[in-house]
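Dear colleague,

I am handing over the structure below, and my notes on it follow directly after. Please read them alongside the coordinates.

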Amino acid sequence: MERNGSQIILQALKDQGVGQVFGYPGGCVIPLFDEFLNHSDISLIRVAHEQAAAHAADGFARLTGRPGVVIVTSGPGATNTITGIATAMTDSIPMIIITGQVRTPVIGTNAFQETNVIGVSRPVTKHNYLVKDLNNLPRVLQEAFYIATTGRPGPVLIDLPVDLQSLTSSAEFVEKIEIPGYDLPPKADLRQVKKAWEMTRMASRPVLYIGGGVNLAHAGEDLLRFAEAAEIPVTTTLLGQGAISEDHPLSLGMLGMHGTYTANWAMHRSDLVIAVGARFDDRVTGKVERFAPLAQMIHVDLDPSEINKIKKVHLGVVADAKDFLAEIGKLAHKVDSEPWLEEIKSIRQNHPLPNYDQAKMKVGELRPEFVIQEFSRHLKGKAVVVSDVGQHQMFVAQHFTFTQQRSHLTSGGLGTMGFALPAAVGACFAEGHEQVVCFCGDGGFQMNIQELATVRSYNLPIVIVVLNNKNLGMVKQWQDLFWDSRYASTLSPDAPDFVKIAEGYSIPGSRVGKKEEVVPAIERALTHQGPILIEFMIDPHSMVYPMIPAGKEFKDIIEGA
Amino acid sequence: MEHRHIITLEVEDKPGVLSRISTLFSRRGFNVDSLTVGHTHRPGISRFTIVVQGNDQVVEQIRKQSQKLIHVLTVQDLEQKRSVMREFAIIKLDYNLEDSKEINEIVDLYGGRMLDSGEGQLIVEFSGTEAKINKVFRKLEKFKVLESIRTGKIGMQIGSL
């Protein structure tokens, strides 16, 4: 059948079950955007900035596990997506980005709005393609989805010259995708699983260290079965949150720089760490040589290049997290972990997270921890929580109790400020999603504030929470702790009136400055239909504790106020 | 431990494959001593030989990362004791009659070939191990070398993989 390039793309998107694409039009994608008008079963969500299109696709993918799709124009349209693509790459999020390119005959001539997008995007994509022969397009699209979603997921970019979008070809989709150099991870080797279980059985202080890979693999149930069967305490990374419900007795909460005292203590004392789908990020390990210094280490990851990358391990297992956890769960039975669990329990009682209930705050003081705890109490885990980057992100990680897999969407590895609002936009397009709550600081919120326009035009039911401390809190915290409180570029006394800004986009907003107003404002927001913004004027000197400073170890932990 | 590593990769002949591989090596700040690429007997398959100095553990990680590239089929860190390596060099010399005898002796001794002579210039070729090519360059130092080029290493493991 003769089809033009745009029709081939629409067909591929439908074959892959894509319901919506996030995009922004421009000269080199006019034919492709036009084709969307012929299809009522696939929507093109127009955002207000290309970077936001990538974050929106990312938010959708983090929540659903299905790839988000982005279509933007050439040149600046494409380069604007790069931060969003890098964010997805770092956190292994499946994404397809289709960029328009200048006409085939003028590629390489510095034509209007031309960039070498293949070159620019190469280090931040799992793979990318420049399509110069339309006959290859059906196969390239199939390969792109296959590569993006299998193995360790990641973004795949397709650069498509505008002339090919209107040219026709009779090329068909292929029956079988064959990519000789691309191997899928093997099934978990049962001898290795058995060895891992033997090591676990012999250990007296085991800990499961769970990363984003477990959420990506939808392996929460398998994790729970194994952890419960063998009674092993579980700590998660930021991206692993929700893989086990944080109100489960075996959950130690998050580990790492701003992790709980208990989780970091347990890692420090452990004699066996089982790392699954985690990559020993420096924000988790601190000083690597002193990370879990007494422990034998088992590392399970489907990416062989992660094993022994940071920490030499005693047993490396290349396998999908779900597969491994399911297999080891079959072998597991109760081991004598009673003394270990008792010890953890007493540490937990003696070292709780800093807690700010209403009574403890001074008059006029509004603590971000309290605001988040109240959201958590009202939502009872039934929410999609999107957080931006900075202090508020860590407060959310610490004080919101995540009870479901994939319920905390945040930029972990790259730490992209401006992520939350567009990612929340994307999350709203997942079928049957829970209440979306988007937490931002006053800094990051302004990095993609234009997406209030998208929120308005699609009437997306997001509760937008701006925790305004009138400074860039995380950097300021480092300045306070390590730079003699010299606030180079971190104070923002002139931060705008966010309520007025919301009103400018016809989104209702309110400001909360007193602790007594917090609960009524949350209750109002959670019963509101459609988007709503609440700005909380929080204590400008809040610090995130506990903290193990960068490059330090457990003994250097600052427990805080 | 810092060592010299000779890595061979078999790749699909696709656009961008050279750039992807060199990006991986440069990201860790490796100095690539040499990089040689060419076709193999199998259509559509090329082979790289890359020589780098680096920390063993980091090289091992890069080897694994290269294996992840979509168009890379196999990656091997050659065991130097169990492999054959060759380099190739072309050298242009300024010469006069009294030098010619000695130059010819060097060419013969090191199994080189005269590729061109005339207009007071000679072009000679040599192939062999890196040590041999180094020696040839040293021997020719006393003459006036006008231009020279040497390929990087190409290499192959002895026995089956």
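**Notes on chain B**

The model is a predicted one, in which local features need pLDDT of at least 70 and side-chain atom pairs count only at pLDDT 80 or more, whereas totals for chains, interfaces and linings use all residues. Residues are numbered from 1 along each chain as its sequence is written, while chains are lettered from A and ligands numbered from 1 in the order in which they are written.

The C-alpha trace of chain B spans about 55 × 35 × 30 Å along its principal axes. Of its 161 residues, 25% count as buried (20 or more other C-beta atoms within 10 Å of the residue's own, with C-beta atoms placed from the backbone).

Turning to the sheet, four strands of chain B form an open, antiparallel arrangement in the order S2-S3-S1-S4, two strands being taken as paired if DSSP finds at least two bridges between them. Strand S2 (32-39) and strand S4 (72-77) of chain B are the edge strands, each pairing on one side only. Within this sheet, strand S1 (residues 2-12) and strand S3 (residues 45-55) of chain B are joined in the antiparallel sense over 11 bridges, and B:Glu10 stands opposite B:Arg47 in S3(B).

Note on methods:
A residue is buried if 20 or more other C-beta atoms lie within 10 Å of its own, exposed if 12 or fewer, and partly exposed in between; C-beta atoms are placed from the backbone. Helices (H or I, at least four residues) and strands (E, at least two) are DSSP runs, numbered from the N terminus.
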